[in-house]
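Thanks for sending this one over. Here are a few friendly notes to read alongside the model.

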Amino acid sequence: MRKGPVGSTADAATLAGDRVVAAGSTARVLLAAAVRALRGDDCADLGPVGTRLTGAPEPLRRAAAARAAGRLALTPARIAEVDTERVATWIAEQYPAGRWPGAVLGSPHGAAVHLAVALGVPWLPATFEMAVHWPRGTVDRPGAALDHGAALAGRLLAGNPDVHVRQVHCPASRGAAAGATIALAVRWRALPGAYVRFLAERLEPGAPVLLLHDARTWPVLDDGRGHSFQVGSPASGLDPVDFHPDAHALRQVLRSAGGDGAHWTPPDVSCPQAYAEHGVESGFEHSLRTWATRHGHRLHRVLVPQPDALSAATADLYRHWLRRAGKTGNRLVVECGRLLDPWQVVRAGLVPYWCENAARRRVDGVEWWLAGSEPFSSVDVLPEPPGVRSPALAGLPQWLAVAAFGRRRRALDRGSARGYPVSQVPTRRATEVLRNQPYDLPVPPPLGMAEALAALRDAGAHQGLLVS
């Protein structure tokens with residue numbers, strides 16, 4: 001394991017954190033949004049990632065997407081230069097100086113960031129994503145992806161034995177990029193030293209800590225040596241059976257991504273229900289709990305069975321928080337994927353509901369929540385185009401149906417809808433839209449952790465949210 005403080009000569013032989021964490025990945029965008037919100041800034045500087053050939057013929061657009069993904073990815077030769085401790089240091093150093101009244105850690109989820117902003121505390125991910133160039137890769141050969149990814153993971157683990165590497169081969173959510181790069185979700189198996197220092201030096205005495213755990217499961221092949229492999233992902237909006245060679249949905253996905261179902265031979269699985277790529281390693285939770293107990297901090301945990309449960313509970317919490325401060329709490333913004341801006345949400349006094357992506361299931365979730373909620377006077381919808389075609393995606397009519405829940409204002413962002421679903425829209429598009437919302441200042445005083453947990457427990461119980 002690599003040793004040495006930040007700034008030491010050891011750092012000269014390793015890659016900087018911002019070069020390692022995949023550009024445009026969920027954890028990276030959420031971290032950037034959280035840091036800016038706690039500084040009182042919006043996300044106007046978060047630009048596009050990838051290609052924007054919306055009107056190009058399908059083969060040309062796929063080729064451009066694959067080239068763009070390859071340009072942004074690490075080369076295989078540089079995997080040995082990755083130091084996950086340095087990545088953790090880079091994450092912790094993003095936050096402004098000062099002491100914090102608590103912290104939120106765990107799985108990447110937009111509602112977790114909104115919750116952290118309402119609490120006035122930092123959010124630290126328990127996992128981060130990497131993308132590594134795959135020379136001569138193809139979307140329709142998961143076995144070849146496994147072979148290439150296992151070799152990469154071996155090099156990464158040789159210098160970083162304190163992480164688990166989950167490889168995800170999912171043409172449904174990544175499209176042509178799944179044949180150009182290897183996607184690795186790197187999960188810390190223990191609290192990294194940089195997080196320990198951050199919590200010890202930057203938390204107020206006795207400040208509570210909250211751990212959020214994505215509890216979704218997926219069939220996995222685990223070699224028992226720190227590398228595991230999954231075909232597909234819960235984020236795809238499909239089920240594991242949809243990645244079977246005979247599945248109609250798979251044939252549609254591969255055709256859209258430029259592949260051929262005749263080559264699709266997924267490897268056998270060793271664990272039919274392991275935590276999916278954004279799960280929290282048990283060792284991470286154990287070391288966090290041990291640290292909290294030894295240093296007089298209370299650790300709370302929230303198990304999230306589906307992303308919709310946390311999104312709905314957090315939206316209800318925001319409504320309560322705004323109304324307690326004398327605001328209406330009747331204006332909703334439905335965010336999606338990377339289209340979010342926590343600071344603009346707070347500045348305008350909006351209730352945020354975050355959809356993980358544009359999958360039909362996630363949009364079903366917000367519709368069901370709206371149907372059972374007190375009506376909102378206005379509903380703004382920011383549908384992030386995923387940049388790929390998939391049978392699991394929500395169409396624009398379904399997004400329009402979400403906006404239709406607004407009593408007086410019903411707005412679907414045209415900039416996001418243009419070219420949907422194959423276009424790509426930068427995070428700053430959310431900022432541009434939300435800046436048009438009227439000011440509703442001052443910002444309510446930060447929530448206390450006990451109040452937030454009680455609200456999550458009350459609002460999320462019927463959706464399976466487990467709060468302890």
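**Notes on strand β1 and its sheet**

1. Strand β1 runs parallel to strand β2 (residues 123–125), and three bridges join the two. Within β2, Leu124 is the bridge partner of Leu105. On the way from β1 to β2 the chain passes through helix α6 (residues 110–119), a β-α-β crossover that is right-handed. Please keep in mind that this is a predicted model.

2. Next comes the pairing with β6. Here β1 and strand β6 (residues 209–214) pair in the parallel sense, over four bridges. Ala103 has Val209 of β6 as its bridge partner, while Leu105 stands opposite Leu211 in β6.

3. Now for the sheet as a whole. It is an open sheet of five strands in the order β2-β1-β6-β10-β15, with mixed pairing. At its edges stand β2 and β15 (466–467); each has a single partner strand, so one side of each is left without a neighbour in the sheet.

4. Are the residues of β1 buried or exposed? Strand β1 (residues 103–106) is covered on both faces. Ala103 and Leu105 are buried on one side, and Val104 and Gly106 are buried on the other.

Key
Residues are numbered from 1 along each chain as its sequence is written. This is a predicted model: local features need pLDDT of at least 70, side-chain atom pairs count only at pLDDT 80 or more; totals for chains, interfaces and linings use all residues. Side-chain values use heavy atoms; hydrogens and water are left out. Buried means under 20% relative accessible area, exposed over 50%, partly exposed in between (1.4 Å probe, protein chains only). Two strands pair if DSSP finds at least two bridges between them. A crossover is right-handed if, with the strands pointing away from the viewer, the path from the first strand over the helix to the second runs clockwise.
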